[in-house]
Amino acid sequence: GSAAAMGLSQVSGALVYSYYLRKRFSSSSVEKSKDADENVDKNMLTKSRIIATIVKANASMILKQGSLLFTWAYATKSAAKFGAAQVAAHQVALSFWMVFAYILDAVSVSAQILLSKARTRNSVDEVRSVTKFMTSVAIVQGLIIALIIAGLAPYVPSFFTTDEAVIAQLKTL
């Protein structure tokens, strides 16, 4: 059930992303001129460069997410060697961890956008300023998340399950 939902959400996200890419590229229509074929070739070359740039920019994200999913699968495999309660506790802890990992990841996305704009303007001072600011924000955000996790730790097991074996395993994490 949850694997199917995960797959469905990923496919849906890819379809929405594809839709908006197609919409963006089709809205940048070629101006009509005497030499329309030349303009079409130039437009296709521009689109190819844009797509190549997007693929290159997303390569690190794909690698990061792929390694994260691989690690998740390996950890699940390892937990499965111990028993059902351990796997259930592992899945609860991993899901809880993933929520906060994605929340924390939002800062890095913002930082990447701000840094790319500063680099485009060739402003070394702005790059340093943004780097210092975003590092400070990430540290504060990490500390706040740590406090939230520590505060919620006693309540998390009973929120996800009533199985005593799983609750016992979660309390050891």
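## Basis of the model

Residues are numbered from 1 along each chain as its sequence is written, and side-chain values use heavy atoms, with hydrogens and water left out. Because the model is predicted, local features need a pLDDT of at least 70 and side-chain atom pairs count only at pLDDT 80 or more, whereas totals for chains, interfaces and linings use all residues.

## Confidence

The average pLDDT (the predictor's confidence in each residue, from 0 to 100) is 78 for the protein, and 82% of the residues score at least 70. Helix H4 (residues 124–152) has the highest mean, 89, and helix H1 (residues 2–27) the lowest, 68. Residues 28–35 fall below 50, and this stretch has seven contacts in the model beyond near neighbours in sequence; a contact means heavy atoms within 4.5 Å.

## Overall architecture

The protein has six helices and zero strands, taken as DSSP runs numbered from the N terminus (helices H or I, at least four residues; strands E, at least two). Of its 173 residues, 16% are buried, that is, under 20% relative accessible area with a 1.4 Å probe, protein chains only. Among contacts between residues at least 6 apart in sequence, 57% join residues at least 24 apart.

## Thr161

Thr161 lies in the loop between helix H5 (156–160) and helix H6 (164–172). With a relative accessible area of 18%, Thr161 is buried. Its side chain reaches the backbone nitrogen of Asp163 at 3.0 Å. Leaving aside neighbours within four places in sequence, Thr161 is in contact with Val166 and Ile167.

Technical notes:
Buried < 20%, exposed > 50% of the residue type's maximum accessible area, 1.4 Å probe, protein only. Polar contact = N/O pair within 3.5 Å; in protein donor to acceptor, adjacent residues only side chain to side chain.
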